[in-house]
Each structure stands twice: as C-alpha cells, then as structure tokens.
Amino acid sequence: MEKFTKLTGVAAPLPILNIDTDMIIPKQFLKTIKRTGLGKNLFEEMRYTGDGKENPDFVLNRPAYRKASILVTGANFGCGSSREHAPWALADFGIRCVIAASFADIFYSNCFKNGILPIRLDQADVDKLMDDAQRGANAVVSIDLDKQEITGPDGGCIRFDIDPFRKHCLLNGLDDIGLTLQKQPKIEDFESRRKLEQPWL
Amino acid sequence: MAKARTLFDKIWDAHLVDVQEDGTCLLYIDRHLIHEVTSPQAFEGLRTTGRPVRHPGSTLLVADHNVPTTDRSKGIENEESRIQVQALEDNARHFGLEYLAMDDIRQGIVHIVGPEQGFTLPGTTIVCGDSHTSTHGAFGALAFGIGTSEVEHVLATQTLVQRPAKNMLVRVDGALPEGVTAKDLVLAIIGRLGTAGGTGYVIEYAGEAIRKLSVEGRMTVCNMTIEAGARAGLIAPDEATFDYVRGRPKAPKGAAWEAALAYWRTLKTDDGAHFDAEVVIDAAGLVPMVTWGTSPEDVLPITAVVPDPAAIQDPAKRAAVERSLAYMGLVPGTPLEQVKVDTVFIGSCTNGRIEDLRAAAKVLEGRKVVADVRVLVVPGSGLVKEQAEQEGLDKIFLAAGAEWREPGCSMCLAMNADKLAEGERSASTSNRNFEGRQGRGGRTHLVSPTMAAAAAVTGHLTDVRKLV
Ligand code: SF4
C-alpha cells in the first residue's frame, strides 16, 4: 500500500450531507474486476449530464479543482453500500484525503486500506476549511499525518485525532494481511480451542 | 460475580484472537459469504501474493447482483456482468470453495441464502463484502459488511482487525398494530435515529414487539440497521430462532445440535449490562411508513404530507431537503397518498422472503394492477420461488398483472437489466432510496410488501390499511 506522510494540494469543497457510495461511484462501474480506472467515473451522476458531457458547475470540473487532492465535504460521507470501489475511485482520481465532520464506518475503514486519509473534525473546523476551499486554485491545504496537523491557506493550523494503529499503518504503508499473518500461532490456538468448545462450527 | 455483559460483548469476547496494547483487536470470523461484485479484486490479491484460503469450509459463494431475473438458459447477456459471474465461478474452483451456481435451486441473494442453508448460526461472526450483512444479526450472530481488502484479509487469515463497537439498545415496547409490519418498524427506527445515528454502534433490538416478530421479520429489521449507520444489528436468539435453524442443510445435527443449543441459550444480554445509548419506541403508535426523499431517514407515516423545507432552521439540512425534493419531483404539502407510481418492486434481501411474498399476494389476490403500472415480483432465492409456486402465489401475482421473476438482487440496485428510467417513480420493498439507486434519475419510495402491493392496485402510494 502507498504510504501517507505529508500531502499538500488543492482542497475541493463539496458541501453536501450524507454523500453515499452510490453517489461516489454508481453501480454500473462495479462490474469491473480491477481496482484501477474508476477515477473518471468518480461522482459520475453529478459530474456528467445524462448524455455524458461534463457538468461545468460540478466542483471537480471547474479548472481550479481538476487536480484537487483533498475533498472537504458534508457529514456522514460514504454512507450506504460497502463498496471499496468508492475509495478506489477517489484514489484513482487523485484524492488522498477527505475531511468531514463524520464518516460512515465501513467507508472510513476502507480508506485506510487504500492510502487515503479520512479526517474527522468538528463541524466548525470543517466549515472553516470549506470556506478556504472555496478559493479555487488558492485553496492549497497541507496535511501532516505524523504531527496530526492541517495547515490552511492562511497558515492557520488545525489538529486532528486519529487511531494510533491506523496512523502507524498509513505512515509506513503496511499491509494488514502481512501483519496478521505474523500472528498465525495465535490464530491456530484459537482454532483448536474453538474445535473443542464449538465442534459444530 | 462476573461483569454483566451485553449480547454483543459476549460474542465479541468469544471471538478474540488477540488484543494489542493500543486496543486494536484481532477477531476470528466463523462464516464468510461472498458475492461476485466485491470479491474479484480480493481473489486477485491472493493470487498475486500466492496466499491460500485459510478455511475453505467457512466460505460460501453465490452470484446475486448481476444475475438476470428473466430466462437464464442462455446465460448472461451483458458482457461485464457475465465476466464478473464467471470470475466468481473460476475463483471458487481455483481456491476449492463451495459455489452455488446460477442454475442451482439454492441460488439467491446472499443474505437470504445464508440463513436458508443454515450457514448462518447464532453466536457466530459473519462477514460479507456487502453492507446488508447486518441481516444475519437476526439470529444473534455478529454480522457486518466489509470492504474488498477485508474480504481478502478474511480469506487469507480467517480474521479481521477491528475495534470494539459501542452498544446501543433499541427497545420496542408493546405490539405492532394491525397492518404495520417489520419494515414499517425499521423505517420508523431509522427516521428516529437518522442515517448516521447508529454510526460506531452495534444495535441490539429487544422488547415485546421484537420478540413477537417472526425470524423473517427480524431479518428485515436487522437488514436495514446499516441504513441507520450501525454496521450490525442483533437480536437475541430464542425458540423461534432455533426452530428456524433446526434441520437446515448446514445446521448442526444430533449431539452437535444439542451442544450448540445449550450454548445458544446463553446468548442474551445480562441484566444490568451497560448500553452506551438507549432508545425506546412504542409499537402501538406506529403506522405504515413511506420514504419521501433520497435517504432512508427521509421517512414519514403514509398519512403525512411532503415536508416543507422552508420550515427547517438548519441551512445544511434545508439544502439537503430541497435537493431531495427537486430530485424526487415532489411539491411540499402534497399528501403522500396522492403520489403516483410507475413501477412497483417487490423483492430484495430486505423483503424477498416467503412471508413477504405471502403478505403482498394477500393484498393482490382478487385485485388488478392499475394499467401502466409495472410490477416486478422477484423472489429472494430459488427455494423461496419454489415454495411460493407450491403455495400458488405466482398465480396470484400473474393474475393480478404482475411479473414473476427469477431470484436475485434485481431492481434493488439495478445492476442487471431491471431498472427505472429517468424520472420514473417506484414503490419498492428494497432498502435504499439514494439518487440513482434503481436507475439514473429514478425516484424510489421505500415501503413494506403490503404497501407496495397496495400502490400496485391503486397506482399511487396508499395506506394499505384501507384495503384490508
Ligand atoms: S438485494 Fe439489494 S441490498 Fe440486498 S444484497 Fe442485493 S443489492 Fe444489496
């Protein structure tokens, strides 16, 4: 997995509540058997009109935000389906960090498996960054995961919280499966115990 | 004396393989369900790293999202869908896993197949790359949806890296009134909690109204728990649960059954156990529900009118309601009963079981679907379909003017050919009314099976209590 240490980039504002994973990547794109290539269909139904043309009003189609790498958005982002295609589409587009007051659980955890940093902040801090993000190409925001700090375009600094283990994995680009396989003896112990206690399983 | 524990705590503790210093847990997974949409990349990961599946016997594969609900003898027409289903089949063969093929009578929606086969058992941990895995919580199993990377993790290690959830109790006192179903109950609960109200929690449902629900009704409630943001719903198993499980193909038999039963009877929340949040609902006050917006929390009694955004103080919420109403093509103040529908969908893992079909058939019997309204009845599995046909339900649907289809997810998410056209409006027994969920520009109203049948015979959203 790609490491996440520091990120400096344009932050795009998407002030909509409850953006679900169907909105992030609609089901017709779930037919792929690959992880890549979904970026062009990120937010498909908001981003393109029915006949496939770009909707010029949608934030990621505006010149200043076409290369945004940070998304500032409404609460409960990523609710709905568990599809990991949502973080894959974000990552493929180039979004490495999403900032919101809250996230749906499954989406939140899926981000960490794909080198995306989801940051939860108080609504007041999100509102401030949302204002900053409205400044187009000047909406440059820096994120330092190690220090757990966000620096806005005016230099103002916001601290954020993150689970230490998840931070460690993201900073070092660690593969969960590899880490778990190191605990193989414990898994084997558990399985022998289960065989005795719940032989029907 | 041991500390009083919730049902969630008990199942959690029983599955801990390891707890790190920082509190991160490694949780053992007993049962892994797999469908074609969220698994190809996970299997690809295993192939690339050369890792085997740790516990093939704990894994069950079935295709449901992409399968056609019309004649299957010629296979799947859409190329991408065909490739995805083929990939599932190839992966099953390559890794030596059990796969229920499209022409197997046991094929169906993964969350209907698991319980039907007795793969879903009380006290187990169950995962699937699908958010409605919460369904299986109806059996007192800790069941939740995971992403594809986690699917790969479970395949390779039979475990998951997790942090414990918080406990929420939703207690439903009293009895549901006549004409009010499990679906109405769960919609009301989501309306009360909001779509993020359960985030970070596992919800245990208890109380008289829950106990009185059939096991299938309990599945409907647990199924939609994710729509309130909680990854899992739980209902303590009881005699009704055991009766449902007994004799299923994969359920324990003989002495193993007796031993399992003795353990399963211990699976309940201890008196005095701590919940981080508690919600009490009075069942007697509930009426049939319907959604008006584009989030399952946008729900009201069928007797209500379309809400007016002007009355909402919070600007973000007001904007969300305005956006929903514009998408749904609804005018504030319109009585919900006057909203006309074009399509009725009866099916999905929320309401595609035999009791749902019976309930819908009861309303449709001796009545006719309104001209121009398309009605799709899609059983949740081949076995549900067979049972319905034995009971003659298919004849009732067909005589009323509905279509009787092959099992699958169908118009719940419209990944196959069953979808709404732009601007079309449905009354649907599925679980999500998101923008575009049933087809780009499609407008979804979530209802119970009886409410869906009522809309089919009147052509508009209808209080089913007037028809029975
Ligand atoms: S029926 Fe709908 S919600 Fe259920 S598994 Fe299929 S697509 Fe998902």
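Buried area is the accessible area that two parts lose on being put together, summed over both. Keep that in mind for the interface. One caution before we start: this is a predicted model.

So, the interface. Chain B and chain A bury about 5,300 Å² between them. Of that area, 55% is on carbon and sulfur atoms. How many residues does each chain put into the contact? Chain B brings 75 residues, and chain A brings 54. Three residues stand out on the chain B side. Gln41(B), Arg54(B) and Arg440(B) supply 12% of the area that chain B buries against chain A. That is more than any other three residues.

Gln41(B) takes us to a helix. It belongs to helix H2 of chain B, residues 40-49, and is one of the buried residues there. What covers the buried residues of H2(B)? The cover includes a piece of the other chain: helix H3 (85-93) of chain A. From chain B, it includes strand E3 (31-34), strand E4 (59-62), helix H3 (79-95) and helix H5 (148-157). After H2(B) comes Gly50(B), with a positive phi near 70 degrees.

Stay with H5 of chain B for a moment. Between H5 and strand E8 (159-162) of chain B there is a loop, and Gln158(B) is in it. The phi of Gln158(B) is positive, near 60 degrees, and this residue is not a glycine. Buried or exposed? Gln158(B) has a relative accessible area of 1%. Buried means under 20%, so Gln158(B) counts as buried.

Now chain A by itself. Chain A has eight helices and seven strands. Its C-alpha trace spans about 60 × 40 × 25 Å along the principal axes. Of its 201 residues, 58% count as buried. Look at contacts in chain A with a separation of 6 or more: 65% of them come from residues 24 or more positions apart.

Chain A also has a positive phi to point out. Asn18(A) is not a glycine, yet its phi is about 55 degrees. Find Asn18(A) in the loop between strand E1 (6-14) and helix H1 (21-24) of chain A.

Asn18(A) comes up again in a pocket. The second largest pocket has a volume of about 960 Å³. It is lined by 41 residues. Nearest its centre lie Leu17(A), Asn18(A), Glu297(B), Lys317(B) and Ala320(B). Which elements each supply at least two residues of this lining? Helix H5 (123-133) of chain A does, and so do helix H6 (182-193) and helix H11 (315-328) of chain B. H11(B) gives the most, with eight residues. By class, the lining divides into 20 nonpolar, 12 polar and nine charged residues.

Rolling a probe the size of a water molecule over the atoms shows where empty space is left. How many cavities of 30 Å³ or more does the whole structure hold? The search finds three.

The largest cavity has a volume of about 230 Å³. Its lining has 25 residues. His65(B), Asp130(B), His132(B), Leu413(B) and Arg437(B) lie nearest the centre. Helix H4 (110-116) and helix H12 (348-351) of chain B are the elements that give two or more residues to this lining. By class, the count is nine nonpolar, 11 polar and five charged.

The second largest cavity holds about 130 Å³. It is lined by 18 residues, and the closest to its centre are Gly78(A), Cys79(A), Gly80(A), Ala104(A) and Ile226(B). Helix H4 of chain A, residues 105-112, gives the most to this lining, with four residues. Here the classes are seven nonpolar, eight polar and three charged.

Last item: cysteines. A disulfide is a covalent bond between the sulfur atoms of two cysteines.

Conventions
Residues numbered from 1 in each chain as written. Chains lettered and ligands numbered in written order. Predicted model: local features only at pLDDT ≥ 70, side-chain atom pairs only at ≥ 80, totals over all residues. Heavy atoms only, no water. 1 Å grid on protein atoms, 1.4 Å probe; cavity = no way out; pocket = protein on both sides within 12 Å on 5 of 7 lines; lining within 4 Å. Points joined across faces, edges and corners; volume = space filled by probe spheres on them. Nonpolar A, V, L, I, M, F, W, Y, C, P; charged D, E, K, R; others polar. Contact = heavy atoms within 4.5 Å. Buried area = accessible area lost by both parts, 1.4 Å probe. Buried < 20%, exposed > 50% of the residue type's maximum accessible area, 1.4 Å probe, protein only.
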